[in-house]
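Dear colleague,

Please find below the structure that I am handing over to you.

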Amino acid sequence: MNCVYKKNVVHEIALDAQPKSRRRQVSEERILEAATRMVLEQGYDALNMKDVADAADYTPGALYRYFASKSALLVAVLTRLLTQLADELSALEDAPGERSALSRVVALMLAYRRFAAQQSHAFGLFSSMLADPRVLLPEEQDRAVIVMTMHRTLMPLARQLEQAVAHGELSKGPTETRALMLFTSLHGALQLGKQERLALLPVPTDTLVRALLQTLLTGLGASPDAVSLALDEGQALLTLHPQVVS
């Protein structure tokens with residue numbers, strides 16, 4: 001084997017002992033793990049194929065056998081992050097305990113607030129994707145993959161909104177529209193978090209988020225008392241539930 005590949009000898013021998021499909025899966029996961037870690041720790045701007053190859057212990061040429069371009073790798077990273085967030089929201093939705101659907105709606109929203117605070121680089125990547133996906137992903141098929149993944153990520157919120165309507169906690173209305181309205185409104189409020197760190201935001205982000213949820217949920221037909229209770233119960237449920245994305 002050429003000396004250029006010596007650092008990968010043990011790694012390649014271990015992979016060669018596995019079936020071809022399994023070897024490819026292991027290799028893709030190793031590369032994706034390195035790329036995701038790079039995005040979470042340094043931000044999307046730091047992502048480049050050479051550094052990912054080095055971090056995953058591959059040559060750049062080998063990397064391109066698994067991900068044909070930086071866009072392809074970015075799609076995989078975004079899909080992974082969104083899937084992890086979706087898993088967290090689904091687990092939170094199904095967390096045991098007698099909680100109202102409205103409380104679980106609040107918990108799901110607050111989980112995204114926690115995600116934005118604890119995974120700022122991932123949140124920044126999501127923000128860039130939502131602002132103009134064509135900048136990050138020029139190919140329409142790549143954007144379509146992420147849109148579908150984001151749709152799946154919002155399903156727990158949509159389901160709990162439907163449950164809140166069924167239990168008389170909210171008035172009837174279009175579930176998908178409501179889920180998108182709640183998510184995009186919260187996302188916009190969370191983007192102001194940078195202003196808080198610069199002491200330019202007149203109110204703390206948590207205060208803004210609470211006021212936003214009070215206003216939106218009341219506007220969707222919940223009573224003010226029910227919303228106040230849901231905010232407290234939703235926060236308590238979130239506190240009991242560990243974060244999945246890390």
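This is a predicted model: local features need pLDDT of at least 70, side-chain atom pairs count only at pLDDT 80 or more; totals for chains, interfaces and linings use all residues.

Residues are numbered from 1 along each chain as its sequence is written, and side-chain values use heavy atoms, leaving out hydrogens and water.

Helices here are DSSP runs (H or I, at least four residues), numbered from the N terminus. Helix H6 (residues 101-118) packs with helix H10 (residues 155-166) at an angle of about 155 degrees, their axes being 8 Å apart. The two are therefore roughly antiparallel (angles over 145 degrees). Contact means heavy atoms within 4.5 Å; among the residues that make it are Leu102 and Val105 of H6 and Leu157 and Leu161 of H10. By class, the contact of H6 with H10 has nine nonpolar, two polar and one charged residue.

Helix H7 (residues 120-131) and helix H11 (residues 175-191) pack at about 120 degrees, with axes 11 Å apart. H7 and H11 are therefore oblique to each other (the angles left over once those under 35, those over 145 and those from 65 to 115 degrees are set aside). Their contact includes Phe123 and Phe126 of H7 and Phe183 and His187 of H11.

Finally, threonine 149 lies in helix H9 (residues 140-153). Threonine 149 counts as buried because its relative accessibility is 3% (buried means under 20%, with a 1.4 Å probe and protein chains only). Leaving aside residues up to four places away in sequence, threonine 149 touches Thr79, Leu82 and Thr83.

Yours sincerely

Methods:
Axes are lines fitted to C-alpha atoms, for helices over the stretch in contact, and angles run from 0 to 180 degrees between N-to-C directions. Buried means under 20% relative accessible area, exposed over 50%, partly exposed in between (1.4 Å probe, protein chains only). Ala, Val, Leu, Ile, Met, Phe, Trp, Tyr, Cys and Pro count as nonpolar, Asp, Glu, Lys and Arg as charged, and the others, Gly among them, as polar.
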